[in-house]
Amino acid sequence: MLDTTILDQVRGVFQALEGSYTFNVTVDRSHEKGEELIGFVQDVASCSDKISVRINESAYKELEFSLWKEGQETGVKFRGIPSGHEFTSLLLAVLNVDGKAKNLPDEMLTRRIKALKGPISLKTYVSLSCTNCPDIVQALNIMALLNPSIDHEMIDGAVFQEEADIMRIQAVPTVYADGKQLHVGRGTLGELLEKLERTFGCESQDDPQPIERKYDVIVLGGGPAGASAAIYSARKGLEVAIVAERVGGQVKETVGIENLISVPYTTGAELANALKTHIDTYGIGVFENRKIESVAFEGSEKKIHVVGGETFVAPAVIIATGASWRKLNVPGEAEYIGRGVAFCPHCDGPFYEGKDVAVVGGGNSGIEAAIDLAGICRKVTVFEFADTLKADQVLVDKAKSLSNMQIITSAQTTQVLGNGEKVTAIRVKDRVSGKEEDYSLDGIFVQIGLAANSAPFRDVLEMTRIGEIITDEYCRTANPGVYAAGDVSNVPYKQIIIAMGEGAKAALSAFDDRIRGILK
C-alpha cells in the first residue's frame, strides 16, 4: 500500500526505537477497507523489528487498531486508516510512547496532564484531508500516553459516515469526551487541556510548587511579530523566552501567502515551520501551549502568570499575541458551531458538497472562501455588511463570474436559525430598507476578519475602542518596559511583513531602553 520511498523514510524515523510495540488490529475482512487496513499496518510494522502486528478477526464491520507497548495498551486507537494528514499522527504516537518525538510537552504541561481526573474517554472525528485535525489528534494522543486514565481514538468520519451522521458531525475535527462534545475546529494542546481541566477537574499534585522563570526579555506570542522580536532580542546577546499558544500563531491557518516580499509563494504551515527553525537557531526558550492568566507590569520586573501556576519574569515584555477570527456574536451562532456554523472552508467545505451555504464577509478571506466553496457547493451566497465588497478586485471579478454565487451587500447578519440539530437558515437585515429576510441553507462560513488578542492586558494598558494596544512609533506602550507589536497593536494594515517589521522595531526599542538605563 505504501510506496518504497515512504517506507524508506519511515525506517529512518523508527531506526532508534527502543521499546517493543504491537499494532493490535480488530478487523472485519468483509469490510470494504478491511484488507487495506491490514496491508497498511503491516507495511508500517515492516519498517522496524520493534513493531509487530496482531490481527483479531471480527464479524461486526470493525476497522480499527490500537497501539500497545510491551504487551500493554497505551490508550491510543485509530478507527479507520490513518493515511493522508493523519499518517504523521500514527508515526508520532509510536515515537511519543518511545520518548523520541520532539513534540512531547515540557515539565509544566506534563504535570497538568498527569493531574487530570479520569477516567476520560476521548473520540476525535476527522477528515484525512483536514490540515487542522492532526494537531488535535496528536495533542490528545499525547495526553493518553501521559495519563493512564485517558484513552483517545481517532475516527475517520468518511469511513464511519453513518456514525458521523448519527453524531451530527458537520465539522472536523470534532472531539467528544465521555460522549459529550468538547471541542470543534482548530485548537492547541493547551486549549484542549484547559477544557478538560474545566470539565473533569484535577487531582492534587505531588509537587504543587509554582514555577518561576526569569529572562532579560519575554515575548508574548509566537507569530511573525513575536518571532521577529525574539530573534532580534537574542541577537543582542540577551536571554529571551517566547510564551505562546503556538509558534506560528494565526499564520498557520493561512493556506497561501504570495505577498511576503522575496518569497513568491509559500503556505502558512511552511512559514510557521521556518519561523520555528529560525527561533531554534538562537537558543530562545520556547514555551508553547500557554494561556496568560494575569500580568503585573508595575515596577522594574514585569510578571506574567500563566494557567497552571507558572510565572515568567523580565524587565522587558514585548506583547505580540496577534489576533483571532471574529465571531458574529448573534443568537444561534454559538449553539450551532460544528453543526452548520464553520470558520475553515478548507477543512469543513467537503461536508457541504452539493448543498447551499453562506459566507459572511466580503474581504479577501471571505471571497477566497466563497470561490473555493463554489467548486463543491450547489450555491454560495456572500453577505457583506458594507455597501461594497472589500476584497481585491481580481477576487471580486472571479467571484462575480461564477454562476452559482450570489453576492448581497449592505447585509447585516442578525441570527443563525436551526432545528435543534443543525443550521437551517440565516436571518439577514437589509441595512438600507431595514427589512429582515431568512435565507434557507445548510451551512454558514464566518469570515469577518480578526480581533486583537488583548484581553489579558485590558486593565493595565491603554487600548483603542476595538481593543488594540496603543503604542508610539517605537512600539512603546505607556508603561515603561512594555512594548507591543503586530496585529495586537494599533499599527495600521494587518500584514505578515508589517508584523515582522514591528516585532524587530519593538526589540530594538527595548534594547535601546536597556542600554540607556530606562530598564533596570
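Reader: What is the strand order of the open sheet?

Author: Strands of a sheet pair through backbone hydrogen bonds, either parallel or antiparallel. Here five strands form an open sheet with parallel pairing, in the order β12-β11-β10-β16-β27. Pairing on one side only marks β12 (285-287) and β27 (482-484) as the edge strands. From one strand to the next, the twist averages 20°. Strands (E, at least two residues) and helices (H or I, at least four) are DSSP runs numbered from the N terminus, and two strands pair if DSSP finds at least two bridges between them. This is a predicted model: local features need pLDDT of at least 70, side-chain atom pairs count only at pLDDT 80 or more, and totals for chains, interfaces and linings use all residues. Residues are numbered from 1 along each chain as its sequence is written, and side-chain values use heavy atoms, with hydrogens and water left out.

Reader: How many bridges join β10 to β16?

Author: Four bridges join β10 (residues 217-222) to β16 (residues 316-319), and the two run parallel. Val219 has Ile318 of β16 as its bridge partner.

Reader: Which strands does helix α8 touch?

Author: Contact means heavy atoms within 4.5 Å. Helix α8 (residues 224-234) packs on the sheet and touches β10, β11 (240-247) and β16. Its direction makes about 155° with that of β10; axes are lines fitted to C-alpha atoms, for helices over the stretch in contact, and angles run from 0 to 180 degrees between N-to-C directions.

Reader: Why is α8 largely enclosed?

Author: Ten of its eleven residues are buried, so the rest of the structure largely encloses α8. Buried means under 20% relative accessible area, exposed over 50%, partly exposed in between (1.4 Å probe, protein chains only). The cover includes β10, β11, α9 (268-281), β16 and α13.
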